[in-house]
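Hi,

Here is the structure I promised to pass on.

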Amino acid sequence: MSLAKILWVDDEIQLLKPHMLFLEKKNYTVVPCTNGADAVQIISEEAFDIVFLDENMPGLSGLETLSQIKEKLPNLPVIMITKSEEEYIMEEAIGSKIADYLIKPVNPNQILLSLKKNLDNSRLISEKTTSNYQQEFRKISMDLAMVNTYEDWIELYKKLIHWEIQLESITDIGMTEILESQKAEANSQFYKFIKKNYQDWFLGDDKPILSHTLFKDVIAPKINKDKGTLLVVLDNLRYDQLRVLEPIINEYYKTIEEKTFFSILPTATQYARNAIFSGLTPLDMEKKYPNYWKNDTDEGGKNLFENEFLTEQLKRLHLNINHEYYKITNLNKGRDLALNFEKVKGNDLTVIVYNFVDMLSHSRTEMDMIKELASDDKAYRSLTVSWFKNSPLLEIIQKAQKMGLKLILTTDHGTINTSKPSKVVGDKNISANLRYKTGRSLSFNNKEVYEVKNPKDIFLPSIHMSSSFIFAKEDFFFAYPNNYNHYVNYYKNTYQHGGVSLEEMIIPCLTLDPK
């Protein structure tokens with residue numbers, strides 16, 4: 001059985017007989033052709049897996065033949081072979097999306113390597129990735145049994161994300177299922193770690209960077225007054241989503257530092273993002289700025305004073321800088337800022353809060369089409385990339401690069417695909433979030449939550465004297481007994497945040513310089 005069918009186009013095809021015999025012995029089928037016009041006709045009548053195309057031919061040139069082949073069959077791989085090393089020919093060929101570019105004289109092994117690279121690439125990558133993950137699986141399992149510091153958890157989570165993205169490219173569903181089980185086990189262990197250690201992070205010295213210390217410890221020292229700094233807080237962005245966006249950003253910016261920090265609890269915008277901009281815990285925000293802070297049961301928007309919080313923090317840090325703040329909540333606002341972005345040129349610091357990812361994760365619970373498009377983490381990442389490539393935010397980043405601005409990219413918290421309901425009961429003033437609850441007289445399953453009876457222990461304000469907080473662990477979400485089945489079916493397999501999971505709590509901050 002032939003491995004692949006090759007059309008080889010060269011006006012001196014008889015000189016290539018040894019190469020064709022070599023490939024035929026390797027089980028490839030090779031069809032010879034002596035000119036471009038015949039090649040275009042042949043690919044219209046027969047199916048080929050790949051084309052070898054000589055660049056320098058009488059009549060229809062190699063580049064002209066390439067253009068006509070691509071018009072008819074844009075996805076047919078074409079390997080250009082040429083005697084010329086002139087740069088413009090290479091650029092023309094590459095611009096026409098050739099699969100490879102070989103300089104004559106070519107030897108049989110070069111041809112074979114190019115074939116394998118283009119025809120067997122997916123299979124070879126799949127086999128190698130599977131083999132590598134199988135070797136890594138045991139090490140990850142051992143790490144899971146021994147992890148006991150926040151640094152260990154950061155490294156373990158990054159490793160899981162690395163393999164999750166690597167395994168996207170393979171067809172072995174079994175490997176993906178194994179990784180998913182490892183992630184589930186990791187989240188189970190992480191919940192126990194947070195339950196044991198989280199409260200101490202607010203008191204001791206051995207603690208990670210947290211939401212309310214991020215600006216002072218990481219962002220402020222990076223602000224470049226000479227060239228200006230753009231701080232983008234892409235709301236609700238997970239580590240895996242950043243990893244797949246980074247190659248796009250790296251076309252314009254080079255990453256010079258990556259810091260990993262922990263979102264405070266609740267892992268929700270009202271708490272975590274306000275903490276970033278204020279540099280304060282929610283409890284201190286309520287005490288120092290009662291006009292800016294709103295609790296869960298208060299009416300009105302909970303993030304209306306981020307710029308005021310930031311201004312106050314800059315004063316406390318004695319940073320005498322000129323800054324502007326923008327919140328992008330819809331496409332038109334994004335387009336307006338992208339169109340007029342040059343106006344920020346005089347700022348020492350420009351801050352943009354971009355809400356798209358948050359809107360996407362929430363709209364998924366409301367819209368069947370979004371549910372279909374973001375049915376799992378792989379699809380969720382893909383949808384995020386598709387949006388980003390066509391977003392005003394990418395245009396803003398491109399303009400920032402041309403203006404020479406330093407770029408700091410971060411988020412406030414992540415999100416997790418929830419699948420298991422956990423029953424909860426409380427009074428009518430209980431908070432509405434699906435991953436955390438605060439209020440009086442909460443009734444719940446102790447095994448499925450991290451309970452904090454006194455919110456002040458983790459620097460959270462209390463709605464009432466007897467209010468407590470509970471945070472859902474792993475991929476649980478809270479459901480009320482009333483109309484339980486409808487509620488569960490509606491919210492099952494939706495992306496939520498507010499609770500305790502690797503995805504929600506361990507989040508990145510990148511510092512990048514323009515290329």
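Predicted model: local features only at pLDDT ≥ 70, side-chain atom pairs only at ≥ 80, totals over all residues.

**The largest pocket**

The largest pocket holds about 610 Å³ of space. Its lining is made up of 28 residues, and those nearest the centre are Glu164, Glu180, Lys183, Asp376 and Asp377. If you want to find your way around by element, helix 8 (173-197), helix 17 (377-389) and strand 11 (416-418) are the ones that give two or more residues to the lining. Helix 8 has the largest share, with seven residues. What is the lining like by class? It splits into 14 charged, seven polar and seven nonpolar residues.

**Helix pairs**

Let's take helix 1 (residues 17-25) and helix 5 (residues 108-119) to begin with: they pack at about 50 degrees, with the axes 10 Å apart. On the helix 1 side the contact uses His19, Phe22 and Leu23, and helix 5 answers with Pro108, Asn109, Ile111, Leu112 and Leu115. By class, that contact has six nonpolar residues, two polar ones and no charged ones.

Next come helix 2 (residues 36-45) and helix 3 (residues 62-72), whose axes are 9 Å apart at an angle of about 15 degrees. Anything under 35 degrees counts as roughly parallel, and helix 2 and helix 3 are therefore described that way. Here too, helix 2 passes helix 3 in a right-handed crossing. Gly36, Ala39, Val40, Ile43 and Ser44 of helix 2 make the contact with Thr65, Gln68, Ile69 and Lys72 of helix 3. The contact between helix 2 and helix 3 has four nonpolar, four polar and one charged residues.

The remaining pair is helix 11 (residues 269-278) with helix 13 (residues 306-316): the axes come within 7 Å and cross at roughly 35 degrees. Helix 11 contributes Arg273, Asn274, Ile276, Phe277 and Ser278, while helix 13 contributes Glu306, Phe309, Leu310, Gln313 and Arg316. Sorted by class, the contact of helix 11 with helix 13 has four nonpolar, three polar and three charged residues.

**Backbone details**

Where are the cis peptide bonds I noted? One joins lysine 104 and proline 105, with omega at about -5 degrees. Proline 105 sits in the loop between strand 5 (100-103) and helix 5, the helix that packs with helix 1. Another cis peptide bond joins leucine 265 and proline 266, and its omega is about -10 degrees. Proline 266 lies in the loop between strand 7 (253-262) and helix 11, which is the partner of helix 13.

You will find phenylalanine 459 in the loop between strand 15 (449-452) and strand 16 (468-472).

Over to you now. Happy to go through any of this together.

Cheers

Notes: Residues numbered from 1 in each chain as written. Heavy atoms only, no water. Axes fitted to C-alpha atoms, helices over the stretch in contact; angles between N-to-C directions. Helix = DSSP H or I, 4+ residues; strand = E, 2+ residues; numbered from the N terminus. Contact = heavy atoms within 4.5 Å. Nonpolar A, V, L, I, M, F, W, Y, C, P; charged D, E, K, R; others polar. 1 Å grid on protein atoms, 1.4 Å probe; cavity = no way out; pocket = protein on both sides within 12 Å on 5 of 7 lines; lining within 4 Å. Points joined across faces, edges and corners; volume = space filled by probe spheres on them. Parallel < 35°, antiparallel > 145°, perpendicular 65-115°, else oblique. Left-handed = near helix turned anticlockwise from the far one by under 90°.
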